[in-house]
Amino acid sequence: MKADTFNIIQRLFDTSQMILKIPVYQRNYDWTEGNVRRLLEDVENVIKNKQQYFIGAIVYMESDNNDLGMPEFLIIDGQQRITTLTILLQALKDLCVQSDQQVLEMIDSLLTNKYSSDEYKIKLKPIKSDNIRDRKIVCVRMNYSLI
């Protein structure tokens, strides 16, 4: 196993086509308002102080599933943070003014696989019980069909 430090946005929320899959054995998304509030306060401090931030360990491995035509990363640890960041990115996109098309497209490229089928349109694939909620958050906002 190789451990490394990297920028999560650059690695896991890349503009390239990929799937971030949360395996079925992981727990449901269960962050409380307090968990989310702490993360948002940390993000606010990073922006104000222009400093780096250690979000915590994210453990993932590349899947051997080559049928997708794009890399698939299995999220072993850090799914709560990645899911929250995905929701945060969607909220930021919702707040963008429609006239700022460049920002909207950039955020969209972080959240979706633009040229993929509906099944793989959304990059984050949570466990089945969370998938319905997450697809509604992203798909409805982006006018993609729900499968």
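Ser-63 sits in the loop that joins strand β2 (59-62) to strand β3 (72-77). In this predicted model, Ser-63 is buried, because its relative accessible area is 14% and the cut-off for buried is under 20%. Setting aside neighbours within four places in sequence, Ser-63 touches Glu-72 and Leu-74.

**The chain as a whole**

- How many helices and strands does the chain have? It has five helices and four strands.
- Read from the N terminus, these elements follow the pattern α-β-α-β-β-α-α-β-α.
- Of the 147 residues in the chain, 39% are buried.
- Take the contacts in the chain with a separation of 6 or more: 61% of them are between residues 24 or more positions apart.
- The chain exposes about 9500 Å², and carbon and sulfur atoms supply 53% of that area.

**The sheet**

- In what order do the strands stand in the sheet? The four strands form an open sheet with the order β2-β3-β1-β4, and their pairing is mixed.
- Strands β2 and β4 (124-125) are at the edges with a single partner strand each, so one side of each has no neighbour in the sheet.
- As a reminder, strands in a sheet pair through backbone hydrogen bonds, and they can do so in a parallel or an antiparallel way.
- Strand β1 (residues 19-21) pairs with β3 in the parallel sense, over three bridges.
- To find a spot on β3 by eye, look for Leu-74, which has Lys-21 standing opposite.
- Helix α3 lies across β3 and β4, and runs at about 120° to β3.

**The nonpolar core**

- Which residues have the most contacts inside the largest nonpolar core? They are Phe-13, Leu-20, Ile-82 and Leu-89, in a core of 19 residues.
- Elements that each supply at least two residues of this core are β3, α3 and α4 (101-111).
- Helix α4 gives the most to this core, with four residues.
- Is Ile-82 buried or exposed? Ile-82 counts as buried because its relative accessibility is 0%.
- Ile-82 and Ile-22 are 60 residues apart in sequence, and their C-alpha atoms are 9.8 Å apart in space.

**Charged pairs**

- Side chains of opposite charge can pair when their charged atoms come close.
- How many salt bridges does a search of the whole structure find? It finds four, and the pairs below are among them.
- Arg-37 forms a salt bridge with Glu-33, and the closest N and O atoms are 2.3 Å apart.
- Why are Arg-37 and Glu-33 separated by about one helical turn? The reason is that they are four residues apart in helix α2 (residues 33-49).
- Arg-37 is partly exposed, at 45% relative accessibility, whereas Glu-33 is exposed, at 56%. The two get these labels because exposed means over 50% relative accessible area.
- Asp-30 and Arg-27 also meet through their side chains in a salt bridge, at 3.8 Å from N to O.
- Asp-30 counts as partly exposed at 42% relative accessibility, and Arg-27 is partly exposed too, with a relative accessible area of 47%.
- The side chains of Asp-108 and Lys-93 form a salt bridge at 4.0 Å, N to O. This pair links distant parts of the chain, with Asp-108 in helix α4 and Lys-93 in helix α3, 15 residues apart.
- Are Asp-108 and Lys-93 buried or exposed? Both Asp-108 and Lys-93 are buried.

**A backbone detail**

- Lys-50 lies in the loop between α2 and β2.
- The phi angle of Lys-50 is near 50°, a positive value in a residue other than glycine.
- Lys-50 counts as exposed, because its relative accessibility is 77% and the cut-off for exposed is over 50%.

Definitions and conventions. Residues numbered from 1 in each chain as written. Predicted model: local features only at pLDDT ≥ 70, side-chain atom pairs only at ≥ 80, totals over all residues. Heavy atoms only, no water. Buried < 20%, exposed > 50% of the residue type's maximum accessible area, 1.4 Å probe, protein only. Contact = heavy atoms within 4.5 Å. Core = buried A, V, L, I, M, F, W, Y, C linked by side-chain atoms within 4.5 Å. Areas by Shrake-Rupley, 256 points an atom, 1.4 Å probe, with all protein chains shown as cover. Pairing = 2+ DSSP bridges. Axes fitted to C-alpha atoms, helices over the stretch in contact; angles between N-to-C directions.
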